[in-house]
Amino acid sequence: MNAIRVRGLVKAYKGHQAVAGVDLDVARGEVFAVLGPNGAGKTTSVEILEGHRDRDAGEVSVLGVDPARGGREWRSKLGIVLQSATDAATLSVREAVRHYARYYGDPRDPDEVIDLVGLTEKAKSRAGTLSGGQRRRLDVALGIIGRPELVFLDEPTTGFDPEARRQFWGLIRLLASEGTTILLTTHYLDEAEALADRVAVLAGGRIVAEGTPRTLGGRAHADATVRWLSDRGHQEIRTSEPTKVIADLSRHGELAELTVTRPSLEDVYLELIN
Ligand SMILES: Nc1ncnc2c1ncn2[C@@H]1O[C@H](COP(=O)(O)OP(=O)(O)OP(=O)(O)O)[C@@H](O)[C@H]1O
(Lines give C-alpha, C1' and ligand atoms only; values in the text may rest on other atoms or scores of the structure.)
Protein backbone atom coordinates (compact mmCIF):
# COMPACT_ATOMS: atom_id res chain seq x y z
CA MET A 1 0.00 0.00 0.00
CA ASN A 2 1.21 3.48 -0.84
CA ALA A 3 1.68 6.01 1.95
CA ILE A 4 -0.33 8.53 -0.06
CA ARG A 5 -2.86 7.91 -2.83
CA VAL A 6 -4.82 10.78 -4.36
CA ARG A 7 -7.27 10.64 -7.28
CA GLY A 8 -9.11 13.57 -8.85
CA LEU A 9 -8.58 15.97 -5.94
CA VAL A 10 -10.51 19.23 -6.33
CA LYS A 11 -10.75 22.23 -4.01
CA ALA A 12 -12.25 25.61 -4.90
CA TYR A 13 -12.32 28.85 -2.93
CA LYS A 14 -15.27 31.04 -3.91
CA GLY A 15 -15.45 29.54 -7.40
CA HIS A 16 -11.66 29.66 -7.96
CA GLN A 17 -10.25 26.15 -8.34
CA ALA A 18 -7.06 26.14 -6.25
CA VAL A 19 -6.67 22.37 -6.83
CA ALA A 20 -8.15 21.24 -10.15
CA GLY A 21 -7.91 17.46 -10.40
CA VAL A 22 -4.69 16.15 -8.82
CA ASP A 23 -3.59 12.49 -8.88
CA LEU A 24 -0.65 11.53 -6.71
CA ASP A 25 1.01 8.36 -5.44
CA VAL A 26 3.77 8.41 -2.84
CA ALA A 27 5.30 5.07 -1.89
CA ARG A 28 6.21 4.20 1.67
CA GLY A 29 9.74 5.31 2.46
CA GLU A 30 9.84 7.72 -0.45
CA VAL A 31 10.99 11.36 -0.29
CA PHE A 32 8.61 13.25 -2.56
CA ALA A 33 8.88 16.96 -3.37
CA VAL A 34 6.05 19.12 -4.68
CA LEU A 35 7.29 22.13 -6.62
CA GLY A 36 5.28 24.98 -8.07
CA PRO A 37 4.95 28.76 -8.20
CA ASN A 38 3.19 30.85 -5.55
CA GLY A 39 -0.53 30.09 -5.56
CA ALA A 40 -0.14 26.79 -7.44
CA GLY A 41 -2.16 24.89 -4.83
CA LYS A 42 0.66 23.17 -2.92
CA THR A 43 -0.34 24.23 0.59
CA THR A 44 -4.03 23.59 -0.10
CA SER A 45 -3.24 20.06 -1.31
CA VAL A 46 -0.92 19.31 1.60
CA GLU A 47 -3.44 20.64 4.13
CA ILE A 48 -6.10 18.31 2.69
CA LEU A 49 -3.71 15.37 3.05
CA GLU A 50 -3.00 16.39 6.65
CA GLY A 51 -6.73 16.49 7.41
CA HIS A 52 -6.56 20.23 8.08
CA ARG A 53 -8.76 21.25 5.16
CA ASP A 54 -11.84 19.69 3.55
CA ARG A 55 -12.06 18.94 -0.17
CA ASP A 56 -14.75 19.35 -2.79
CA ALA A 57 -14.10 16.14 -4.72
CA GLY A 58 -11.67 13.29 -5.15
CA GLU A 59 -10.38 10.26 -3.28
CA VAL A 60 -7.60 10.64 -0.73
CA SER A 61 -5.89 7.96 1.31
CA VAL A 62 -3.04 8.76 3.72
CA LEU A 63 -1.52 5.77 5.53
CA GLY A 64 -4.65 3.90 4.47
CA VAL A 65 -7.09 6.40 6.01
CA ASP A 66 -9.23 9.18 4.51
CA PRO A 67 -7.85 12.33 6.18
CA ALA A 68 -11.39 13.74 6.45
CA ARG A 69 -12.11 10.90 8.89
CA GLY A 70 -8.66 10.47 10.47
CA GLY A 71 -8.74 9.95 14.22
CA ARG A 72 -6.18 10.40 16.96
CA GLU A 73 -4.27 7.20 16.26
CA TRP A 74 -3.88 8.12 12.58
CA ARG A 75 -2.80 11.66 13.48
CA SER A 76 -0.12 10.36 15.86
CA LYS A 77 1.61 8.69 12.88
CA LEU A 78 1.99 12.01 11.10
CA GLY A 79 4.62 14.70 11.59
CA ILE A 80 3.46 18.05 10.37
CA VAL A 81 5.57 21.16 9.85
CA LEU A 82 3.33 24.00 8.77
CA GLN A 83 4.38 27.17 6.95
CA SER A 84 3.44 29.35 9.91
CA ALA A 85 5.76 29.26 12.90
CA THR A 86 4.74 27.41 16.04
CA ASP A 87 3.06 29.42 18.76
CA ALA A 88 5.11 28.35 21.76
CA ALA A 89 6.71 31.72 22.41
CA THR A 90 6.82 31.62 26.20
CA LEU A 91 8.32 28.12 26.49
CA SER A 92 12.01 27.42 26.17
CA VAL A 93 13.11 25.26 23.24
CA ARG A 94 13.61 22.26 25.54
CA GLU A 95 10.26 22.80 27.30
CA ALA A 96 8.43 23.05 23.98
CA VAL A 97 9.99 19.86 22.62
CA ARG A 98 9.39 17.96 25.89
CA HIS A 99 5.82 19.23 25.97
CA TYR A 100 5.10 17.94 22.46
CA ALA A 101 6.83 14.63 23.20
CA ARG A 102 4.17 13.86 25.83
CA TYR A 103 1.50 13.58 23.14
CA TYR A 104 3.14 10.50 21.62
CA GLY A 105 3.46 6.90 22.74
CA ASP A 106 7.04 6.38 21.60
CA PRO A 107 8.65 9.80 21.15
CA ARG A 108 12.29 10.44 20.32
CA ASP A 109 14.55 11.75 23.05
CA PRO A 110 13.87 15.54 23.20
CA ASP A 111 17.55 16.47 23.64
CA GLU A 112 18.51 14.26 20.70
CA VAL A 113 15.92 15.99 18.50
CA ILE A 114 17.12 19.43 19.66
CA ASP A 115 20.62 18.37 18.67
CA LEU A 116 19.44 16.99 15.31
CA VAL A 117 17.96 20.36 14.36
CA GLY A 118 21.03 22.24 15.63
CA LEU A 119 19.41 24.06 18.54
CA THR A 120 21.44 22.66 21.45
CA GLU A 121 22.97 26.05 22.23
CA LYS A 122 19.48 27.56 22.29
CA ALA A 123 17.82 24.80 24.34
CA LYS A 124 17.22 27.11 27.30
CA SER A 125 16.14 30.14 25.24
CA ARG A 126 12.49 31.09 25.00
CA ALA A 127 11.02 30.27 21.60
CA GLY A 128 9.91 33.90 21.28
CA THR A 129 13.52 35.09 21.32
CA LEU A 130 14.71 32.83 18.48
CA SER A 131 15.57 34.15 15.02
CA GLY A 132 13.26 33.28 12.11
CA GLY A 133 15.43 30.39 10.94
CA GLN A 134 15.83 29.09 14.50
CA ARG A 135 12.02 29.16 14.98
CA ARG A 136 11.72 27.12 11.81
CA ARG A 137 14.20 24.57 13.20
CA LEU A 138 12.06 24.33 16.32
CA ASP A 139 9.02 23.70 14.09
CA VAL A 140 10.91 20.84 12.45
CA ALA A 141 11.87 19.44 15.88
CA LEU A 142 8.22 19.45 16.97
CA GLY A 143 7.25 17.80 13.69
CA ILE A 144 9.56 14.81 14.17
CA ILE A 145 9.51 14.32 17.95
CA GLY A 146 6.73 11.71 17.72
CA ARG A 147 8.72 9.38 15.43
CA PRO A 148 6.18 9.84 12.61
CA GLU A 149 5.73 7.35 9.75
CA LEU A 150 4.96 10.21 7.37
CA VAL A 151 6.27 13.76 7.60
CA PHE A 152 4.74 16.75 5.81
CA LEU A 153 7.11 19.66 5.42
CA ASP A 154 5.67 22.82 3.86
CA GLU A 155 8.59 24.98 2.72
CA PRO A 156 10.73 23.74 5.61
CA THR A 157 13.94 25.65 4.93
CA THR A 158 12.55 29.09 4.11
CA GLY A 159 14.66 31.54 6.13
CA PHE A 160 17.48 29.05 6.79
CA ASP A 161 21.06 30.17 6.24
CA PRO A 162 23.04 27.94 3.84
CA GLU A 163 24.70 25.96 6.64
CA ALA A 164 21.36 25.34 8.37
CA ARG A 165 19.87 24.13 5.08
CA ARG A 166 22.68 21.62 4.61
CA GLN A 167 22.21 20.46 8.18
CA PHE A 168 18.48 20.09 7.55
CA TRP A 169 19.16 18.04 4.42
CA GLY A 170 21.23 15.70 6.58
CA LEU A 171 18.30 15.36 8.97
CA ILE A 172 15.90 14.51 6.12
CA ARG A 173 18.34 11.89 4.82
CA LEU A 174 18.55 10.41 8.31
CA LEU A 175 14.74 10.21 8.59
CA ALA A 176 14.54 8.69 5.10
CA SER A 177 17.21 6.11 5.99
CA GLU A 178 15.00 5.07 8.91
CA GLY A 179 12.14 4.44 6.47
CA THR A 180 10.13 7.62 7.11
CA THR A 181 8.00 8.78 4.18
CA ILE A 182 8.49 12.48 3.49
CA LEU A 183 6.37 14.88 1.47
CA LEU A 184 7.85 18.33 1.16
CA THR A 185 6.99 21.46 -0.73
CA THR A 186 9.82 23.76 -1.65
CA HIS A 187 10.78 26.67 -3.86
CA TYR A 188 14.42 25.59 -3.81
CA LEU A 189 15.17 23.43 -6.82
CA ASP A 190 18.55 22.40 -5.42
CA GLU A 191 16.75 21.16 -2.33
CA ALA A 192 14.41 18.99 -4.40
CA GLU A 193 17.36 17.70 -6.39
CA ALA A 194 19.39 16.91 -3.29
CA LEU A 195 16.62 15.19 -1.34
CA ALA A 196 13.77 13.89 -3.46
CA ASP A 197 13.40 10.44 -4.99
CA ARG A 198 10.60 11.92 -7.10
CA VAL A 199 9.18 15.38 -7.73
CA ALA A 200 5.88 16.70 -9.06
CA VAL A 201 5.42 20.18 -10.51
CA LEU A 202 2.08 21.77 -9.65
CA ALA A 203 0.90 24.79 -11.65
CA GLY A 204 -2.59 26.28 -11.67
CA GLY A 205 -3.86 23.47 -9.45
CA ARG A 206 -2.72 20.68 -11.81
CA ILE A 207 0.31 18.43 -11.94
CA VAL A 208 2.13 19.41 -15.12
CA ALA A 209 5.08 17.03 -14.73
CA GLU A 210 6.26 14.24 -12.46
CA GLY A 211 9.41 12.16 -12.34
CA THR A 212 12.80 11.81 -10.74
CA PRO A 213 14.80 15.05 -10.46
CA ARG A 214 17.21 13.63 -13.05
CA THR A 215 14.58 12.83 -15.69
CA LEU A 216 11.86 15.45 -15.06
CA GLY A 217 10.53 17.04 -18.23
CA GLY A 218 12.82 14.97 -20.49
CA ARG A 219 15.87 16.43 -18.77
CA ALA A 220 18.03 13.30 -19.08
CA HIS A 221 17.63 13.28 -22.87
CA ALA A 222 17.87 17.03 -23.41
CA ASP A 223 20.59 18.39 -25.68
CA ALA A 224 23.88 19.32 -24.06
CA THR A 225 25.56 22.67 -24.57
CA VAL A 226 29.30 22.62 -25.29
CA ARG A 227 31.05 25.94 -24.62
CA TRP A 228 34.68 26.94 -25.08
CA LEU A 229 36.84 29.97 -25.78
CA SER A 230 38.50 30.33 -29.18
CA ASP A 231 40.53 33.18 -30.80
CA ARG A 232 37.17 34.49 -32.04
CA GLY A 233 35.65 34.67 -28.56
CA HIS A 234 33.20 32.42 -26.67
CA GLN A 235 31.71 29.61 -28.76
CA GLU A 236 28.64 27.46 -28.06
CA ILE A 237 27.10 24.37 -29.71
CA ARG A 238 23.91 22.57 -28.66
CA THR A 239 24.16 18.89 -29.42
CA SER A 240 22.85 15.44 -28.54
CA GLU A 241 26.41 14.08 -29.04
CA PRO A 242 28.72 16.20 -26.91
CA THR A 243 31.43 13.55 -26.75
CA LYS A 244 31.67 13.46 -30.54
CA VAL A 245 31.64 17.27 -30.78
CA ILE A 246 34.49 17.55 -28.28
CA ALA A 247 36.46 14.78 -30.00
CA ASP A 248 36.16 16.67 -33.32
CA LEU A 249 37.01 20.04 -31.79
CA SER A 250 39.97 18.73 -29.82
CA ARG A 251 41.76 17.69 -33.01
CA HIS A 252 42.72 21.39 -33.32
CA GLY A 253 44.35 21.37 -29.88
CA GLU A 254 43.49 22.30 -26.34
CA LEU A 255 40.04 23.91 -25.81
CA ALA A 256 40.14 26.83 -23.38
CA GLU A 257 37.40 27.11 -20.74
CA LEU A 258 35.66 23.95 -22.01
CA THR A 259 32.35 23.08 -20.35
CA VAL A 260 29.52 20.66 -21.14
CA THR A 261 26.17 21.40 -19.50
CA ARG A 262 22.63 20.06 -19.65
CA PRO A 263 19.51 21.93 -18.54
CA SER A 264 19.41 22.28 -14.76
CA LEU A 265 16.32 21.22 -12.83
CA GLU A 266 15.60 24.96 -12.57
CA ASP A 267 15.77 25.38 -16.39
CA VAL A 268 13.33 22.48 -16.86
CA TYR A 269 11.06 23.74 -14.08
CA LEU A 270 10.86 27.27 -15.51
CA GLU A 271 10.02 25.86 -18.93
CA LEU A 272 7.28 23.65 -17.44
CA ILE A 273 5.50 26.42 -15.55
CA ASN A 274 5.61 28.99 -18.35
N1 LIG B 1 -8.35 30.25 2.67
C2 LIG B 1 -8.38 30.64 1.39
N3 LIG B 1 -9.40 31.37 0.90
C4 LIG B 1 -9.45 31.76 -0.39
N5 LIG B 1 -8.49 31.47 -1.30
C6 LIG B 1 -7.43 30.76 -0.87
C7 LIG B 1 -7.31 30.31 0.48
N8 LIG B 1 -6.15 29.61 0.60
C9 LIG B 1 -5.56 29.63 -0.61
N10 LIG B 1 -6.31 30.32 -1.51
C11 LIG B 1 -6.01 30.52 -2.94
O12 LIG B 1 -5.82 29.25 -3.53
C13 LIG B 1 -4.72 29.27 -4.43
C14 LIG B 1 -3.68 28.24 -4.02
O15 LIG B 1 -3.10 28.63 -2.79
P16 LIG B 1 -2.01 27.74 -2.03
O17 LIG B 1 -1.72 28.42 -0.73
O18 LIG B 1 -2.47 26.35 -1.99
O19 LIG B 1 -0.77 27.87 -3.01
P20 LIG B 1 0.77 27.45 -2.81
O21 LIG B 1 1.14 26.68 -4.01
O22 LIG B 1 0.96 26.80 -1.50
O23 LIG B 1 1.49 28.86 -2.83
P24 LIG B 1 2.87 29.38 -2.09
O25 LIG B 1 4.00 28.84 -2.88
O26 LIG B 1 2.75 30.86 -2.21
O27 LIG B 1 2.83 28.89 -0.66
C28 LIG B 1 -4.22 30.71 -4.44
O29 LIG B 1 -4.79 31.37 -5.55
C30 LIG B 1 -4.72 31.27 -3.15
O31 LIG B 1 -4.96 32.65 -3.27
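Around the ligand sit 14 residues, and of these Asn38, Gly39, Lys42, Thr43 and Thr44 come nearest (a residue is near a molecule if one of its heavy atoms lies within 4 Å of it). The model is a predicted one, so local features need pLDDT of at least 70 and side-chain atom pairs count only at pLDDT 80 or more, while totals for chains, interfaces and linings use all residues. Residues are numbered from 1 along each chain as its sequence is written, and side-chain values use heavy atoms, with hydrogens and water left out.

Back at the ligand, its oxygen atoms turn up in several close pairings. One oxygen atom is 2.7 Å from an N or O atom in the side chain of Thr43. An oxygen atom of the ligand also lies 3.1 Å from a polar backbone atom of Ala40, and a polar side-chain atom of Glu155 is found 3.3 Å from a ligand oxygen.

As for the overall build, the protein chain comes to 9 helices and 12 strands; helices (H or I, at least four residues) and strands (E, at least two) are DSSP runs, numbered from the N terminus. The C-alpha trace spans about 70 × 45 × 35 Å along its principal axes. Of the 274 residues in the chain, 46% count as buried, where buried means under 20% relative accessible area, exposed over 50%, and partly exposed in between (1.4 Å probe, protein chains only). Among contacts with a separation of 6 or more, 66% are between residues 24 or more positions apart; a contact here means heavy atoms within 4.5 Å.

Helix 8 (residues 242-249) shows how some of that burial is arranged. Its residues Pro242, Val245, Ile246 and Leu249 are buried. Seen down the axis of helix 8, these buried residues fall within an arc of 95°, so they line one face of the helix; the arc is that of the directions from the helix axis to the C-beta atoms. What do the buried residues of helix 8 pack against? Their partners are strand 10 (224-230), strand 11 (233-239) and strand 12 (256-261).

Strand 12 also holds Glu257, whose phi is near 50°, a positive value in a residue other than glycine. Glu257 is exposed, with a relative accessible area of 53%. Lys14 is another non-glycine with a positive phi, in this case about 45°. Lys14 lies in the loop between strand 1 (4-13) and strand 2 (16-26), and at 90% relative accessibility it counts as exposed.

Next come the charged side chains. Side chains of opposite charge can pair when their charged atoms come close. A salt bridge is taken as a side-chain nitrogen of Lys or Arg within 4 Å of a carboxyl oxygen of Asp or Glu, and by this rule the count comes to 20 salt bridges. One of them links Arg165 and Glu191, at 3.4 Å from N to O. Arg165 lies in helix 6 (residues 162-177) and Glu191 in helix 7 (residues 189-195), so the pair ties together parts that are 26 residues apart in sequence. Both ends are tucked away: Arg165 is buried at 14% relative accessibility, and Glu191 is buried at 0%.

Asp66 and Arg69 also form a salt bridge, with their closest N and O atoms 3.4 Å apart. Here Asp66 is buried at 17% relative accessibility, whereas Arg69 is exposed at 66%. A further salt bridge joins Glu236 and Arg227 at 3.1 Å, N to O. In that pair Glu236 is exposed at 52% relative accessibility, and Arg227 is partly exposed, with a relative accessible area of 33%. Elsewhere, salt bridges that share partners join Glu30, Arg198 and Glu210 into one network.

Glu50 lies in helix 1 (residues 42-50), and a polar contact of 3.2 Å joins its side chain to that of His52. A polar contact is a pair of N or O atoms within 3.5 Å; within protein, one must be able to donate a hydrogen and the other to accept it, and residues adjacent in sequence count only if both atoms are side-chain atoms.
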